[in-house]
Amino acid sequence: MEVLKQELKENIIEQLNLEDITVEDIADNDILFGDGLGLDSIDALELIVMLDKNYGIKLTDPKEGREIFGSIEIMAKYITEHRTK
Amino acid sequence: MSKGVAITGMGVVSAIGNNVAENYQSLINSNKGISKISKIDTIHKNDIMVGEIASTNSELEQQLGLSTDNNYSRTALLGAIAAKQAVQNAQITNINSYKTGLISSTSVGGMDMTETYYYDYLENKSSQKYIDGHHAGDSSQKIAEQLGIKQSLVTTISTACSSAANAIMLGARLIKSGKLDRVIVGGADCLCKFTINGFKTLMILSDTYNTPFDENRKGLNLGEAAAFLVLESDKVISEEKKEVLAYVKGYGNANDAYHQTASSENGDGATLAMQKALKVANYTAKDIDYINAHGTATGNNDLSEGRAILRVFEDNVPDFSSTKAYTGHTLAAAGAIEAVYAVLALQNNIIYPNLNFKTQMKEFDITPQLELKEKELQTVLSNSLGFGGNCSTLIFSKEQ
Amino acid sequence: MSAVYISGLGSISCQKTFDNNEFLDEIITYTDTVITAVNPNYKEYIKPAAARRMAKGIKMGVVASRIALNDANKEQIDAIITGTGMGCVRDSEKFVSAIIDNNEQYLTPTSFIQSTHNTVGGQIALELQCKGYNFTYVHASVSFESALLDASLQLENDEANTILIGGVDELGDHTVAIHKIVNHIKPEKIDSTALLNATTEGAVFGEGANFFVVSNKKQASNYAEVLAITTYNTVSKNKIQQLAQEFLQDNGINIGDIDAIVLGNNGDVKHDSFYHELSSGIFQNTQQIYYKHLCGEFNTASSFGLWLASKILKTQHLPDVVKINNKSITNYTTILLYNQYRGENHSFTLLRKC
């Protein structure tokens, strides 16, 4: 789980081009969207592709993403339970 | 200064017809042009529905009498055909007898060829002829050439899904200001993998028939189309004793300044665009008889646009419908084909049904017109709303 | 009818032009056939959260517009009108190649969104929270002139009072590669000081963003008044002198009144002859100016020409580096600009000192 969380943080920073942020800046329970890390609906779409590509999880409704991407902790839990690769 | 901006000719090709008459027949007979995709080999072909034009590129080339070494993209082919129809419909024999310009619009331009020959260009001489068509203005240059417009004002607007509405707006302003006596305005966009995949990444493509303003709408169907209108000044109308189909009476463009792709929840931009158009037309909300809504059937658009309509029209929302269920969302061309439909509505005193509607949206209680309706129409308002917060409204009228 | 004044400008180009206190004081000479813009420190102008998804074209456009607004001392404008030949072409390339390389799978939306031609105009509106009129013109070498024409119509007809207009284009690797193949880009390297006398076909490609605040308010700080702008989709070479004369006549100006002509020569032996018609014809005794050796050729390169002419009129200084001939003019009052690309999409713009 810890490895997955680390991997998620690295991927999010790279994929979403968060230039000024490091892995250490993101705590497991930090809110990623809105007031937290400041991610928005386009980032959510980027993350949906990441779930598909890296973990074989297909979301069809972007609204599902809102809960899953609540924090690194929630994401890691969801991925562990649903991953197909 | 010309007071009126008269529409004297129209041409259109879309998924519901190859000319104005065929489009009108489909509209009044509720014939949708939405189907599975046949002309583009995409891995999404089983997941999406589109509004595809039946003719192949070579059929369109033949129609235009082009030689086989032409370098027309499908956008240019469709645009040239629709523009020629419009000029013929306006009974123009000598295009350069008045100061005549062309304002076209497109979002994909020659992308169909770019994506086909992207790597091939680097190796194969025969495909390199399409490199000239890389910029979006290329299709407009070709349309101007097909119409015989020389040494004149030809330009192209690209503001995503409001592009053609903006081309009509600029044309109207050029006539009003006296810069041009006559201007051919409209837009063209072909289907291509670029837009199919682009909208797919935004997760706003429906896997079935699009259902504008329905509570359970699942997204849009992409379509391809081209439409052009001939606008002429008072001077041309009186000198040539021309029959006027309708007038461009009002126009307005505003920016939502909210998000790169999504519309604001309360439709600020759309509200402003409609208000501006009413002001230019010197109308109040009560003067509008029918709204041809943008109504793409995405969750975001229909809610935002519906709320904007409520803000402008309050308790007196006129009959409204979206024709996207017929044609799909034809992106840059949408504002032009819907301008043609607005003029046809005025000419025939007909309001088109908003097809595929089943369930009332819960956020508000306005319901689109669901059946074909005969009603004496004096004015039609048409909305076109696009990415980049681009919101446009046109008002067409029977009387000057 | 109101007049059209240029009240502020901002330029990001292949020269260090983003500092409005300078005017081509230091010149970068190039030998390559593809030259890139000198970047200002974008972070000074754009917050990291906003910048992270911005293509270079957007950054150049947003910052050039910010510089122009500061220069005009304006915080808000009534309209934003952008010209761009290709939009954010790198993102278009990225999305097309991803479609092909990944067989339409695992695509992400950002590059698609940026590919939309009006993305620069939309982003500027977002940054400024400007809900006014917002148009984008994409017609090759008259993309910027179309924006200027539209703005002129708005100001003349009192549809708006202050408008931000600009031309912006960025270079993309694939676009460069295919334009090299068809010789739209010169096959051999050339020193930028020798561009005018090049003997090869094609141009040196560049990129940049030039934005202007135009307004109908006469004030001492204005750069220039735009007297007229006109564009032509086609012109035959033997007609260009006559057209120039007619354009001037329509605006009540004689050839002798023109203190300088700014020409868009790009060193393409196949197409520079349009410029030669004018420079060796009716304008042979006029001070001639060129600039594409400084900024490169791109669809909206002529916006750099307008930047240059505006600076000359305001500073009354003509840098040596842009002189084609030397007529020792002491007072610049009226400047004519002419541009075309590959024999198509010609434009005349007429400026007067304020």
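# Close-up views of a three-chain model

**View 1. Helices H3(B) and H5(B) cross in a right-handed way.** A crossing is right-handed if the near helix is turned clockwise from the far one by less than a right angle, and left-handed if anticlockwise. H3(B) covers residues 74-89 and H5(B) covers residues 138-147. Helices (H or I, at least four residues) and strands (E, at least two) are DSSP runs, numbered from the N terminus. This is a predicted model, in which local features need pLDDT of at least 70, side-chain atom pairs count only at pLDDT 80 or more, and totals for chains, interfaces and linings use all residues. Residues are numbered from 1 along each chain as its sequence is written, while chains are lettered from A and ligands numbered from 1 in the order in which they are written.

**View 2. H3(B) packs against H5(B) at about 35°.** The two axes lie 9 Å apart. Axes are lines fitted to C-alpha atoms, for helices over the stretch in contact, and angles run from 0 to 180 degrees between N-to-C directions. H3(B) brings Thr75(B), Ala76(B), Gly79(B), Ala80(B), Ala83(B), Lys84(B) and Val87(B) to the contact. From H5(B) come Asp138(B), Ser139(B), Lys142(B), Ile143(B), Gln146(B) and Leu147(B). Contact here means that the C-beta atoms of two residues, placed from the backbone, lie within 7 Å. By class, six of these residues are nonpolar, four polar and three charged. Ala, Val, Leu, Ile, Met, Phe, Trp, Tyr, Cys and Pro count as nonpolar, Asp, Glu, Lys and Arg as charged, and the others, Gly among them, as polar.

**View 3. Pro212(B) sits in a loop of chain B.** That loop runs between helix H7 (193-201) and strand E7 (222-223) of chain B. Pro212(B) is buried, because 27 other C-beta atoms lie within 10 Å. The cut-offs are 20 or more such atoms within 10 Å for buried, 12 or fewer for exposed, and partly exposed in between, with C-beta atoms placed from the backbone. Leaving aside residues up to four places away in sequence, Pro212(B) touches Arg217(B), Gly295(B), Ala297(B), Asp302(B), Ser322(B), Lys324(B), Ala325(B), Asn354(B) and Pro368(B). Val343(B) is 131 residues from Pro212(B) along the chain, and their C-alpha atoms are separated by 21 Å.

**View 4. Chain B holds twelve helices and 15 strands.** Its radius of gyration is 20 Å, close to the 21 Å of the globule rule for 400 residues, so chain B is as compact as a globular protein of that length. The radius is taken over C-alpha atoms, and the rule is 2.2 Å times the number of residues to the power 0.38. Along the principal axes, the C-alpha atoms of chain B fill a box of roughly 60 × 55 × 40 Å. Of its 400 residues, 65% count as buried. Take the contacts in chain B between residues at least 6 apart in sequence: 79% join residues at least 24 apart.

**View 5. Chain C has eleven helices and ten strands.** A compact globule of 354 residues would have a radius of gyration near 20 Å, and the 19 Å of chain C agrees. The C-alpha trace of chain C spans about 60 × 45 × 35 Å along its principal axes. Buried residues make up 61% of the 354 in chain C. The average pLDDT of chain C is 97, and 100% of the residues score at least 70. pLDDT is the predictor's confidence in each residue, from 0 to 100.

**View 6. H1(A) and H4(A) cross at roughly 115°.** H1(A) is residues 2-15, H4(A) is residues 72-82, and their axes come within 10 Å. The crossing is right-handed. Leu4(A), Lys5(A), Leu8(A) and Lys9(A) of H1(A) meet Ile72(A), Met75(A), Ala76(A), Ile79(A) and Thr80(A) of H4(A). In chain A, confidence is highest in H4(A), at 96, and lowest in helix H3 (residues 62-68), at a mean of 87.
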